[in-house]
Amino acid sequence: MAQIPNLDNSPLNLKALRDQSQKELVNILRSIRGKKCLVIDKKLSGSISLVIQTSILVEHGVELRLLSPEPLQTECTKVVYLVHSNLNLMSFICSHIHSDVTKGLQREYHIYFVPHRGVDCEKILEEEKVHHLISIGEYPLYMIPMDEDVLSFELDYSNKECQVDGNTSSLWHIAKALHKLEFSFGVIPNVRAKGKASVRVADILNRMQAEEPVNLSDRSTLEINTLILIDREVDMVTPMCSQLTYEGLLDELLHINNGSVEVESAIMGVQQEGKKIKVPLNSSDKLFKEIRDLNFEVVVQVLRQKATAMKQDYTEMTTSDQSVSELKDFVRKLNSLPEMTRHINLAQHLSTFTSKQSFLGRLDMEHTIVEAQSYDICFEYIEESIHKQEPLVSVLRLLILLSVTNYGLPKKHFDYLRRELLHSYGFEHIALLNNLEKAGLLKKQETKSNWPTIKRALQLVVEDTDTANPNDIAYVFSGYAPLSIRLVQHAVRSGWRPIEEILKLLPGPHSETKRGGFSSSPSYDTLQGASAAVNKVADGRRSLVLIVFIGGVTFAEIAALRFLSAQESMAYDLIVATTKIISGNTLIETYMENMGVETFCRETSNVRVEIGGNLTNGYDPVIRLVGYVISSYQIPND
């Protein structure tokens, strides 16, 4: 099965978007005649694999390489670098060119920045005196179709950049991508945004439309009726909970990367020691499409039923005479055997984790925290996890969940747990904890929590959830309805107005606007009573709502949106766009930093401790380290 997903059944013509991106890359390669070496930034390579097949690149005389610090080994005289605007990558490229010059190699160099060139990057090329040797261009790949109903901007660090670094360039990228989308599918008349970043993207999008308008007369129909923008920081509870859908659990335990997982061959029943197998996961796999969004408990039952049915069919085939049509039906069923075997193997592997008492105990603790029950029990569980040295990211997920639902931790507990974390896991994690505090994920409690009010008003905890025959989105977390998707439900049903007071309790501002001269166009304010004619485009298809998550979205949330889209009462198809598909683990990992001496000195520059009767700010790194260790043992006064 091809790694590139089949987009033929997409409610929006995403195939045209992908074809356009493919055409733009092919045009770049055609413009450089002859054989060339295409050197791709490693992070970008996965994204490119979802846009164009390797065979097409080879047809255009391409020899593929991944960018690394090592000198480039190729016989090609033309080198094309396809990279993000990243300063570290520029040093690799400069190193390659310097190495070639030293060896007396004469090559033609091209750099294509994705999606746009960066001034800082070009400055480095000038400082390294290689700028004049390079032809520079852009490959405007702003978004990538990950599946029939999912687009990704592939902005891994947008959350940290906005919340910690004060770098909001990713918001311009998102607005630019959405504006490009409008040139293909028409101006989006209704925009609803929640969160600081989302409101800003909506403003930038309006400014882009004013400066470079989409001509309304160019399109007779508007395929996207409404744009809903949601900041990740509005709902940090959901990504910290363990996802319980099949696809979500695969991501939690095996990490889905660019639409596939890489697993040991033994897991897939292949006995080749040390070999890993890449398993594609997208809607091209019909069985996966059927089970991806089910609660994992149900997936095991479904696979068992399908295997039993196939076994019965086989028994009938071998014990009785069959007609030609019956034989054809059986052969057709056999074609799905590889898919079934694949998912039985994966499900069996996941079961080795989900059956453990430690996994079940963690789920119970997550629900206890979300339900705002017994703070002391939660605190003691996390404290014990630290002392047992459970995986750091796993501990931090629970700690962040406790902090977010309580609007911070009491100062005494905050100082104590921070100190215990550093003692158990090492002082190199100071930067991580500081970043989490700066982002508001792990902080001291300054005000009473509104979480119980939010939880009750939005019905986030649903008792007696039926995971086999769900009637609510809460099935994706076995009883917890994702806050972000509850907000989408309200935005689709009746807009922000009815939940205005609840929105004020959540981080960031909110906005609701009509754009492009559509003040009289049918909004979805009265969706439940809307006529079928109002909510369809000219060819009879349902209109679309595009939901954009700034800061990332989980597979469980995508499953919840698909569940909503499949309901009879839903008058719209839902498409998801996101900066990145995330889990709690990958989200926390973006806040991590390499902790060199320079970083350590910066992070501990506020440490003041008395050593030998003298007060020091610790300008000497060694004294500062000693001072920090001593200060971290102090008992808080309150």
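Q: Why does Cys378 count as buried?
A: This is a predicted model. In it, Cys378 has 1% relative accessibility. Buried means under 20%, so Cys378 counts as buried.

Q: What makes Cys94 buried?
A: The cut-off again. Cys94 has 2% relative accessibility, and the limit is under 20%. Therefore Cys94 is buried.

Q: How do you know how the span of helix H8 compares with the expected one?
A: H8 covers residues 196-211, which is 16 residues. From first C-alpha to last it reaches 23 Å. At 1.5 Å a residue, 22 Å is expected, and the span is close to that.

Q: Which residues of H8 are buried, and what covers them?
A: Among the buried ones are Ala197, Val201, Leu205 and Met208. Their cover includes helix H7 (169-185) and strands E8 (190-194) and E9 (224-231).

Q: What makes E6 and E12 edge strands?
A: The open sheet has seven strands, in the order E6-E7-E14-E13-E9-E8-E12. E6 (144-147) and E12 each pair on one side only.

Q: How do you know that E13 and E14 pair?
A: Pairing takes at least two bridges. Six join E13 to E14 (residues 573-578), so the two strands pair, and they run parallel. Leu544 stands opposite Asp573 in E14.

Technical notes:
Residues numbered from 1 in each chain as written. Predicted model: local features only at pLDDT ≥ 70, side-chain atom pairs only at ≥ 80, totals over all residues. Heavy atoms only, no water. Helix = DSSP H or I, 4+ residues; strand = E, 2+ residues; numbered from the N terminus. Expected span 1.5 Å × (residues − 1). Buried < 20%, exposed > 50% of the residue type's maximum accessible area, 1.4 Å probe, protein only. Contact = heavy atoms within 4.5 Å.
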